[in-house]
Amino acid sequence: KVYNDYFFDEPVFDLHDGGYIPLEKVDIPDQPLNIPAALKPDKVDGNDVYYTITAQAGETQILPGKKTKTWGYSTSLLGQTVVFKQGVHYHIHLVNELPEVTTFHWHGLNVTGPIVDGGPHAPVYPGGSRDIDFTLDQPAQTDWLHPHPCPNTARQVWNGLAAAVVVTDDEEAKLPFPRNYGVDDIPVILQDRTYHDNQLDYKKDYDVDGTLGKYALVNGTINGVFDVTTQRVRLRILNGSDRREWRLHFDDDHEFTQIASDGGTLPEPVRFTKLMLTCAERAEVIVDFGDKKPGDVVTLMSDDTPIMKFKIGNYTREDVKLPEHLTTINAPEVTPGLPVTKTVMSGMDDQVRLDGKLFDMQRIDRRQKIGDTVLWDVVNTNDMDGGMIHPFHMHGCQFLVISRNGKDVYPNEHGWKDTVGVNAGETVRIAVQFTKFGVYMYHCHILEHEDTGMMAQIEAYDPDHKHEYHLISMDEM
Ligand code: C2O
Ligand code: CU
Ligand code: CU
């Protein structure tokens, strides 16, 4: 079966939003698509691998003419791709060369909060550094690194901070997926920006309901072209936008197959011609260009705007059929006797609230015992007409999506997720389990909503180990 549907409720697509800015086709020549370099370790010592990641300012040639002042992780824009392997112990030296405080948040990594996971309680001051270490203990997936300082996350991401994180493992390595980084396995980081005399101006473009830009960038490239040299290409698509929803399809309605969601491999491949991603969601897809010949060009679109091109070159034919069953999701059993946790995303613009409240860095809003599996009903109380989709994200875990308004989840939501788009007027039921004690954020991933305060924190606790957390206040940021 091939799906031809975005699944989400069309009346709440962002194009109906008051401040909606449509993407524009940009009248500049095509450019080679930027493929972020893979970050090299400083040192490998048996099972211990050492990295340094520097948040830095720089300049990037984005438009013809003047370079754009941008921020990036160990590069001038976005970031070098961080590759992790399951089971390895990582030691990471985080350096802040920016003129302001930032944090290094590992979106999707199952590492302890609130320090290692890099939420707002883990500031790295200008000129300063922080060292973290953890053992990577989750399956292969595509995650990302982005700043999380309260309340400046949106602006710092807008300025350029966002890196792809690729987790590998031995099970995924046996599946017939392309995995030659930069050749047939590439990140596709989707963002939108507006430039003023070739520069970013976050204040000018700011929208309290989520800042939008009129130009589409893929990996920081406008009108990017990727040279296809293999029959199949694996795209690790990440919606790294502050606010925009991407409705992806090819100009010729070429089919593609999703093999992984936020938290890794899907139980079964899902074939479709349309894919919508809300903020922070990831989808790994394989595109088989076997019906194309050298010289053909296939354009990836969002709504009606071309965002990048695939230029087909000479490739060796291969005849790979994906198995019908890719992996088994070991769904934990819901712990009997526990009530369903209800959490409510309400409002729009400066009225956004989580459970009726604004974020307070020193308030723990909920507690959940580690090891328990609890159902959460995530409610978006927005109106079906005039409301919006709020993408709900949790730190410190990957969850399973159980139902949408009591009905089936979308066909590509049968794997692990850490971010789920919740339609206006919808209740999405998820099953949540924490395995590591700590304090974790959960929030709307429209970054301006998060910065406004549509965020809360949960303590995942271990009854046998009492733990005191020093929760800093906004002034200490
Ligand atoms: Cu992607 Cu709390 O973040
Ligand atoms: Cu996160
Ligand atoms: Cu929101």
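**Exercise 1.** In which loop is the place of Gln 138?

*Solution.* Gln 138 sits in the loop between β10 (129-135) and β11 (141-146), where strands are DSSP runs of E with at least two residues, numbered from the N terminus. This is a predicted model, in which local features need pLDDT of at least 70 and side-chain atom pairs count only at pLDDT 80 or more, while totals for chains, interfaces and linings use all residues. Residues are numbered from 1 along each chain as its sequence is written, chains are lettered from A and ligands numbered from 1 in the order in which they are written, and side-chain values use heavy atoms, with hydrogens and water left out.

**Exercise 2.** Identify the residues that coordinate the copper ion (ligand 2).

*Solution.* The copper ion is coordinated by the NE2 atoms of His 105 and His 393, at 1.9 to 2.0 Å; donors are N, O and S atoms within 2.8 Å of the metal (3.2 Å for Na, K and Ca), and sites may look incomplete because water is not among the atoms. Since His 105 belongs to strand β9 (residues 105-107) and His 393 to strand β28 (residues 390-394), the pair ties together parts that are 288 residues apart in sequence.

**Exercise 3.** Locate the partners in the salt bridge between Glu 281 and Lys 417.

*Solution.* The closest N and O atoms of this pair are 2.6 Å apart, a salt bridge being a side-chain nitrogen of Lys or Arg within 4 Å of a carboxyl oxygen of Asp or Glu. Glu 281 lies in the loop between β20 (275-277) and β21 (282-288), and Lys 417 in the loop between β29 (400-404) and β30 (419-422), so the pair ties together parts that are 136 residues apart in sequence.

How values were computed:
Helices (H or I, at least four residues) and strands (E, at least two) are DSSP runs, numbered from the N terminus.
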